[in-house]
Amino acid sequence: MSGKGAEYWTKRISEQEMPALSSTVKTLEKLAKDDVSSLAILGRSVMHDNALTSRILKVANSAIYNKGISHVTTVSRAAVVLGFDTIRNICITAKLLSSLLENKGLSEPVYHRLLTLMARAFQAAMLAKMMLKDHDEELQEEVFIAALLYHLGESAFWSMGGETTEQLDARLNQVDEKDANNVVREVLGTSFTQLSMGIAKNWGLGEVLVKSLSNPNERTPEIRSIYLANKISELMASDSKDIAELNHRIKQAADMLDLEVDEFKGRMIQCSHATRKLADTYGAKVLVAFLPDTHQLTLAAEPEAEPIKVREFNVDLQLKKLRELTDCAINKANFNEVITITLSGLLDGIGMDRCAVMLLSPNRKRLQPRVVLGENGDKMKNEFIVELNHDKNVFAESVDLKKPLFIDNPSSEKWRLYTDEELRRHTSVMGFMLAPILVDNKVIGLLYADRHSSERKLAEVDFERFTHFAQLTNLCLSVSVH
């Protein structure tokens with residue numbers, strides 16, 4: 001039965017091993033996106049399968065897809081509410097997972113290999129979709145399903161079970177990863193990629209998947225994201241961890257999105273949490289234990305990590321900036337001059353990693369950085385927006401009480417209740433300092449400082465110096481308006 005070639009295996013998988021999946025996918029892919037009757041056909045194509053229908057509705061009503069819309073109770077209604085592309089892909093994903101995972105005749109090693117591969121594909125699909133979150137939903141859904149099915153040929157082969165799968169599994173366990181393709185060709189007469197391509201064409205699985213398999217190096221965002229998401233997922237799941245290669249691929253993905261590597265890694269970790277939840281929602285909890293581990297992401301950056309600039313306390317520079325602020329008070333300097341000197345003093349005089357002037361919005365319900373100095377300043381300026389219209393927020397407290405605050409340990413009992421999840425994401429876990437900016441005794445914003453990138457703790461003496469700068473800044477601003 002060996003060496004039969006792509007055509008043989010495509011036909012066998014489509015007609016003998018997985019006819020129900022093949023039939024469902026072909027039906028869904030043929031439906032016209034703008035044809036109302038397609039919704040009824042969509043409903044009918046899964047209606048006879050109660051387990052599949054309930055899975056689809058569970059996913060459609062999950063937090064990932066249902067953004068505050070009322071609960072949907074039919075597949076047709078879900079398609080109207082979420083869009084045809086989205087619900088079609090949920091159908092395909094649900095059917096794929098149930099078809100592949102419910103084959104009871106697999107040996108333990110082959111089943112383990114299948115679970116590892118499917119978990120990897122599921123994570124890659126979520127990563128690829130995350131990488132295109134600024135594109136329209138239709139493209140995101142196309143990319144999700146293409147990344148999920150990128151290794152469909154291999155998944156379908158292992159899910160068949162039987163003698164050939166066990167023979168190939170045994171042989172692959174004896175060779176290095178670089179020799180694996182040759183062994184697969186020898187046994188099957190084709191590669192897994194060719195088999196995926198054969199199935200994709202036979203089932204009418206869309207040009208994005210076919211193009212990603214036939215021309216993986218194409219530079220369009222969708223093909224690039226499918227390729228990189230699968231590469232990253234594969235490297236994270238690999239037993240022989242190649243940290244340098246993983247880091248290289250993550251850097252490519254971050255560059256594609258015009259993000260810092262650490263920011264992209266943060267998104268990857270969030271994406272991994274979402275993947276776990278979604279696998280569970282699809283009734284594929286068995287995959288969760290096989291999902292690629294994100295722990296090595298912290299290791300991955302080390303070989304190429306940029307050295308972090310550590311600014312130490314500089315007494316001469318601090319005194320120089322304080323003298324300049326005194327001159328500002330005498331000469332009634334303008335707001336921008338005062339703020340520039342203050343932030344420079346905090347950054348290089350006291351030795352902060354970053355500091356900012358955050359100004360209140362006209363309705364006084366929001367704080368946003370107006371001027372930021374230090375590490376990742378642009379990121380902080382663009383993303384760090386603080387809403388003040390709720391309780392238990394240290395920023396609101398500093399504004400309301402008109403007093404500086406030293407949040408020495410944000411996770412301690414003293415401060416834990418005051419720092420919500422969004423603020424934790426942007427502030428330093430090692431602590432931060434706030435001080436109101438006052439003009440005529442009215443708060444117009446806050447000074448902010450931390451040692452976020454070097455992860456050094458702040459001391460009481462740092463807070464005293466910070467407060468001194470804040471007091472002198474307020475004096476300058478008050479005299480400048482009179």
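The following paragraphs lead through a predicted model of one protein chain, from its overall make-up to selected local features.

The protein chain has 482 residues, of which 51% count as buried. Its secondary structure comes to 24 helices and 6 strands. Among contacts between residues at least 6 apart in sequence, 66% join residues at least 24 apart.

A second place to look is where two helices meet. Two packed helices are described by the angle between their axes and the distance between the axes. For helix α15 (residues 243-256) and helix α16 (residues 261-281), the angle is about 95° and the axes lie 9 Å apart. An angle from 65 to 115 degrees counts as roughly perpendicular, and α15 is therefore roughly perpendicular to α16. On the α15 side, the residues in contact are N247, I250, K251, A253 and A254, and they meet V261, F264, K265 and M268 in α16. Sorted by class, the residues in this contact of α15 with α16 are 6 nonpolar, 1 polar and 2 charged.

Attention now turns to charged side chains. The whole structure contains 19 salt bridges. In one, K320 pairs with E324, and the closest N and O atoms are 2.9 Å apart. In the other, the side chains of E324 and K321 meet at 3.5 Å, N to O. Why are K320 and E324 separated by about one helical turn? The reason is that they stand 4 residues apart in helix α18. E324 and K321 also both lie in α18, 3 residues apart, which is about one turn of the helix. An α-helix has 3.6 residues a turn, so residues three or four places apart point the same way. The three residues can also be described by their accessibility. K320 is partly exposed because its relative accessibility is 41%, and E324, with a relative accessible area of 22%, is partly exposed. K321 is buried, with a relative accessible area of 13%, since buried means under 20%.

D353 pairs with R456, and the closest N and O atoms are 3.1 Å apart. This pair links distant parts of the chain, 103 residues apart: D353 is in the loop between α19 (335-351) and β1 (354-360), while R456 is in the loop between β6 (442-450) and α24 (460-480).

How many disulfides does the structure contain? The count comes to 0 disulfides. C476 illustrates the reasoning: its sulfur is 5.2 Å from the closest cysteine sulfur, which belongs to C328, and a bond is ruled out because this is too far. The cut-off behind that step is that two cysteine sulfur atoms must be within 2.5 Å to count as a disulfide. C476 is buried, with a relative accessible area of 0%. C91 is likewise buried, and its relative accessible area is 0%.

Most residues other than glycine have a negative phi, and most peptide bonds are trans. R364 is not a glycine, although it has a positive phi of about 65°. This residue lies in the loop between β1 and β2 (366-374), and R364 counts as partly exposed because its relative accessibility is 36%. K402 is not a glycine either, and its phi is positive, at about 55°. The place of K402 is the loop between α21 (394-401) and β4 (405-407). K402 is partly exposed, with a relative accessible area of 37%.

Conventions: Residues are numbered from 1 along each chain as its sequence is written. This is a predicted model: local features need pLDDT of at least 70, side-chain atom pairs count only at pLDDT 80 or more; totals for chains, interfaces and linings use all residues. Side-chain values use heavy atoms; hydrogens and water are left out. Buried means under 20% relative accessible area, exposed over 50%, partly exposed in between (1.4 Å probe, protein chains only). Axes are lines fitted to C-alpha atoms, for helices over the stretch in contact, and angles run from 0 to 180 degrees between N-to-C directions. Helices (H or I, at least four residues) and strands (E, at least two) are DSSP runs, numbered from the N terminus. Angles under 35 degrees count as roughly parallel, over 145 as roughly antiparallel, 65 to 115 as roughly perpendicular and the rest as oblique. Contact means heavy atoms within 4.5 Å. Ala, Val, Leu, Ile, Met, Phe, Trp, Tyr, Cys and Pro count as nonpolar, Asp, Glu, Lys and Arg as charged, and the others, Gly among them, as polar. A salt bridge is a side-chain nitrogen of Lys or Arg within 4 Å of a carboxyl oxygen of Asp or Glu.
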